Amino acid sequence: MILTTTNNIENFKIVDYLGIVTGTAYDSSYSANGTKLSFKDMFSMSKYYEKYSLALESIKEKAFQNLKDNATKLGANAVVGIQLDVEPLANSSTLLVSITGTAVKVK
């Protein structure tokens, strides 16, 4: 599946617009690869940012997989105009990643 932030794909022609698709994922554990952020690590900025970055990448991958699954259900082979939004949920340590785009068929 082709995923792009642009509204068209070079060397491909969009033959059908199938609708808007989204993919969302969230997590509050700040864990990546099965390792969670320990209490001690919260006071080490380098470890905090490292775990935070790894966790964010993991959440983004889940959201992209959900986006692809939703586009596939519509019969799409590409998603154009992708926009990504990362939001911390109020009064919690939960990160929410939301990805939106237009599912299309291309040739």
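**Close-up 1. Lys 60 and its salt-bridge partner Glu 57 in helix α1 of the predicted model.** At 21% relative accessibility, Lys 60 counts as partly exposed, a class that lies between buried (under 20% relative accessible area) and exposed (over 50%), computed with a 1.4 Å probe on protein chains only. Glu 57 is likewise partly exposed, at 39% relative accessibility. The two side chains meet in a salt bridge with an N to O distance of 3.2 Å, where the term requires a side-chain nitrogen of Lys or Arg within 4 Å of a carboxyl oxygen of Asp or Glu. By this rule the count comes to one salt bridge. Both residues lie in helix α1, three residues apart, which is about one turn of the helix; helices (H or I, at least four residues) and strands (E, at least two) are DSSP runs, numbered from the N terminus.

The model is predicted, and local features need pLDDT of at least 70, side-chain atom pairs count only at pLDDT 80 or more, and totals for chains, interfaces and linings use all residues. Residues are numbered from 1 along each chain as its sequence is written, and side-chain values use heavy atoms, with hydrogens and water left out.

**Close-up 2. The largest nonpolar core.** This core, a set of buried Ala, Val, Leu, Ile, Met, Phe, Trp, Tyr and Cys residues joined through side-chain atoms within 4.5 Å, has 14 residues, and those with the most contacts inside it are Val 21, Leu 67, Ala 71, Val 79, Val 97 and Ile 99. Two or more residues each come from β2 (14-27), α1 (45-73), β3 and β4, and the largest share, five residues, is that of α1. Apart from this core lies another of six residues, including Ile 9, Ile 14, Ala 78 and Val 80.

**Close-up 3. Lys 105 in strand β4.** Lys 105 belongs to the strand that covers residues 95-106 and is partly exposed, with a relative accessible area of 36%. Although Lys 105 and Val 15 are 90 residues apart in sequence, their C-alpha atoms are 5.7 Å apart in space. Leaving aside neighbours within four places in sequence, Lys 105 is in contact (heavy atoms within 4.5 Å) with residues that include Lys 13, Val 15, Asp 16 and Asn 77.

**Close-up 4. Thr 94 in the loop between β3 and β4.** Thr 94 counts as buried, at 12% relative accessibility. Beyond its neighbours within four places in sequence, Thr 94 is in contact with Tyr 26, Asp 27, Ser 28, Glu 87, Pro 88 and Leu 89.
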